[in-house]
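Subject: Structure handover

Hello,

Here is the structure I promised to pass on. Please have a look at it first, then read my notes below.

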Amino acid sequence: MLSGLNHLTLAVSDVNRSFDFYTNPLGFIARARWQHGAYLSLGELWLCLSWDNSRALNAPGDYTHYAFSVAAENFAAVALRLRQAGVKEWKSNRSEGESLYFLDPDGHRLEIHSGDLASRLAACRVQPYRGMEFF
């Protein structure tokens, strides 16, 4: 019931430095930026840059994770199937769209997510993060 990669979130130690790197030499398109992060796109890829102090300290357990798309109408069934399989959850959802954050058997941080970049930006326009600007 998964339909592909939803987004990639990279924990970064300096949002401005990473924003410049991904938009200038790599050509990602800026969609929004705020005090602790940015949303970029490249083709169908939604990239989230998220400031994480763990990354700045080079400590394990930062916010880097891979999210897979699931249709909203299938989210509950997929989440139930994962929970019944005994996945370990590593984070609770606090943003737009339904999400389940879990670990694979090797400890890779994964997520299933029912929203997309357009729905996230629409929600942020209604309730923006601190210092958020849109492009």
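Buried means under 20% relative accessible area, exposed over 50%, and partly exposed in between, with a 1.4 Å probe and protein chains only. Helices (H or I, at least four residues) and strands (E, at least two) are DSSP runs, numbered from the N terminus.

Two notes on the source. This is a predicted model, where local features need pLDDT of at least 70, side-chain atom pairs count only at pLDDT 80 or more, and totals for chains, interfaces and linings use all residues. Residues are numbered from 1 along each chain as its sequence is written, and side-chain values use heavy atoms, with hydrogens and water left out.

**The whole chain**

The chain holds four helices and nine strands. From the N terminus, they come in the order β-α-β-β-β-α-β-α-β-β-β-α-β. Of the 135 residues, 40% count as buried. The C-alpha trace spans about 40 × 35 × 25 Å along its principal axes.

**The sheet**

Nine strands form an open sheet with mixed pairing, in the order β6-β7-β8-β5-β1-β4-β3-β2-β9. β6 (89-91) and β9 (133-134) stand at the edges with a single partner strand each, so one side of each has no neighbour in the sheet. Pairing here takes at least two DSSP bridges between two strands.

**Strand β4**

How many of the seven residues of β4 are buried? Five are, so to speak: β4 (residues 45-51) is mostly covered.

β4 pairs with β1 (residues 2-12) in the parallel sense, over five bridges. There, Val12 has Trp51 of β4 as its bridge partner. With β3 (residues 37-42), β4 runs antiparallel, and six bridges join the two. Leu40 is partnered by Leu47 of β4. Gly37 stands opposite Ser50 in β4.

β3 and β4 also make a hairpin, with two residues between the strands. Gly43 in this hairpin takes a positive phi near 60°.

**The helices on the sheet**

Contact means heavy atoms within 4.5 Å. Axes are lines fitted to C-alpha atoms, for helices over the stretch in contact, and angles run from 0 to 180 degrees between N-to-C directions.

Helix α3 (residues 72-84) packs on the sheet. The strands it touches are β1, β5 (65-70), β6, β7 (99-103) and β8 (109-113). Its direction makes about 25° with that of β7. Helix α4 (residues 117-126) lies across β2 (29-34), β3, β4, β8 and β9. Helix α4 runs at about 145° to β3.

Best wishes
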